[in-house]
Amino acid sequence: MSIPSESAVLVQREGPVAAIVLNRPAVLNAMNLAWVTDLGRAVSAVAADESAQIVVVRGAGRAFCTGLDLTMMNEIGMPPEFYTLQEAAFGALEDLDRLVIAEIHGYCLGGGLQLALACDLRIVSDDAVLALPASQEGLFPGMAVWRLPRLVGLGRALRLAVSGEQVHTAEALQIGLVDYVLPAEHFARMAQAIVERYLAVPQTAARATKRLMRSSFERDRAAVYADSLAELERCLDSPDVAAARAAWAQRSAARRAERDQEENDA
């Protein structure tokens with residue numbers, strides 16, 4: 001699927017990484033109808049690209065995403081299809097069979113934070129601004145009511161969603177809302193290093209882990225165990241396990257040779 005360069009959301013290939021780029025920098029990537037529509041198309045394009053091993057979501061310009069476009073809300077209100085399209089895109093991203101990493105800088109508010117919650121991992125700049133201010137607009141924060149408690153617990157989720165208060169990055173890391181906090185001046189370089197760390201993980205194992213964990217809240221232990229049997233076979237049949245065994249054998253042989261050399265020198 002081709003994504004036009006003028007779209008509100010772009011897909012860019014960076015080697016084995018597919019980057020979904022929120023592309024309304026003039027309005028801090030605020031969400032309008034074109035934004036949610038184009039996000040759905042971008043996720044579909046990435047899902048169809050089997051050569052993409054990991055997906056990164058980031059915002060162009062000075063912010064990740066400031067949530068609902070208030071100009072849209074003031075002029076026409078929320079289009080009837082907006083929320084359905086938004087959640088379809090977020091859900092498709094959540095269900096994607098690859099790890100999805102949000103790289104968050106600047107403002108990450110409202111629907112922007114909801115989008116980040118639909119990702120598997122969240123990397124934030126230490127000057128990022130995180131909040132769910134929907135209650136201040138007379139709204140609830142979409143399906144963050146379902147995703148947020150799974151990350152931070154019910155009490156914290158209620159506090160953050162109802163108060164709409166800003167969460168400082170140090171607290172966000174402490175409570176599990178984000179996974180990495182990086183200094184703003186080195187954010188791009190250090191975030192890339194983290195993505196490369198996950199690229200180095202055997203992807204068959206990473207995908208199996210994601211599938212099983214994502215389903216674990218909705219199903220009982222027996223059902224997850226039954227699925228894990230098939231996932232185990234898939235992992236054992238993958239070239240990743242053979243490569244890991246070969247690497248272990250090589251390291252073991254090198255250690256034996258080193259010990260033999262030390263004994264000969266003695």
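**View 1. The protein as a whole and its surface.** The accessible surface of the protein comes to about 13700 Å², of which 57% belongs to carbon and sulfur atoms, with areas taken from the Shrake-Rupley method and a 1.4 Å probe. This is a predicted model, in which local features need pLDDT of at least 70 and side-chain atom pairs count only at pLDDT 80 or more, while totals for chains, interfaces and linings use all residues. Residues are numbered from 1 along each chain as its sequence is written, and side-chain values use heavy atoms, leaving out hydrogens and water. The C-alpha trace spans about 80 × 45 × 45 Å along its principal axes, and the protein holds 11 helices and eight strands, which are DSSP runs (helices H or I, at least four residues; strands E, at least two) numbered from the N terminus.

View 2. Phe82 lies in helix H3, which covers residues 82-95. Phe82 counts as buried because its relative accessibility is 1%, where buried means under 20% relative accessible area, exposed over 50% and partly exposed in between. Beyond its neighbours within four places in sequence, Phe82 is in contact with Met31, Asn32, Leu33, Val36, Leu68 and Met72, contact meaning heavy atoms within 4.5 Å. Leu33 is 49 residues from Phe82 in sequence, yet their C-alpha atoms are 5.9 Å apart in space.

**View 3. Arg259 in helix H11.** Arg259 is found in helix H11, made up of residues 239-265. With a relative accessible area of 46%, Arg259 is partly exposed.

Terms used
Buried < 20%, exposed > 50% of the residue type's maximum accessible area, 1.4 Å probe, protein only.
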